[in-house]
Amino acid sequence: MTLPVRTSRGPLVAAVVAGLALLGVGLLYLAAGLLVPGWALVPLWMLWVVLAWVLVRLAQARSWWVLAVPVVAALSWWLVVTAGETWLGWQP
């Protein structure tokens with residue numbers, strides 16, 4: 001007699017929460033076009049796409065690290081925009 005395997009829904013819930021948070025951060029990436037010049041905007045958007053791909057891969061692996069992806073995305077956006085304002089003179 002084999003016992004039924006219990007699968008936790010925690011990683012699935014974490015993946016949904018992380019996905020929604022990444023979409024929210026994606027709005028910042030889209031709005032960055034008001035401040036960031038085009039030559040820096042396209043790589044910034046590409047970074048978001050790569051992070052979305054990482055989120056999907058981590059969700060497929062049912063990893064709790066999926067929760068770190070929106071945090072990394074938000075920090076990356078903030079660092080790029082702040083560095084551009086400080087050192088490159090980007091202004092709205």
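Contact here means heavy atoms within 4.5 Å. This is a predicted model, where local features need pLDDT of at least 70, side-chain atom pairs count only at pLDDT 80 or more, and totals for chains, interfaces and linings use all residues. Residues are numbered from 1 along each chain as its sequence is written, and side-chain values use heavy atoms, with hydrogens and water left out.

**Helix 3 itself**
- Just past helix 3, Gly-89 has a positive phi of about 75°.

**Inside and outside faces**
- Val-69, Pro-70, Ala-73, Ser-76, Trp-77, Val-81 and Gly-84 are buried (under 20% relative accessible area, with exposed being over 50%; 1.4 Å probe, protein chains only).
- Down the axis of helix 3, those buried residues fall within an arc of 125°, so they line one face (the arc uses directions from the helix axis to the C-beta atoms).
- On the other side, Leu-79, Thr-86 and Trp-87 are exposed.
- The cover over the buried residues includes helix 1 (10–31) and helix 2 (38–60).

**Packing against helix 2**
- The axes of helix 2 and helix 3 come within 10 Å and cross at roughly 170° (lines fitted to C-alpha atoms over the stretch in contact, angles from 0 to 180 degrees between N-to-C directions).
- The two helices are therefore roughly antiparallel (over 145 degrees).
- Among the residues that meet are Leu-44 and Leu-58 of helix 2, and Val-72 and Val-80 of helix 3.

Note on methods
Helices (H or I, at least four residues) and strands (E, at least two) are DSSP runs, numbered from the N terminus. Angles under 35 degrees count as roughly parallel, over 145 as roughly antiparallel, 65 to 115 as roughly perpendicular and the rest as oblique.
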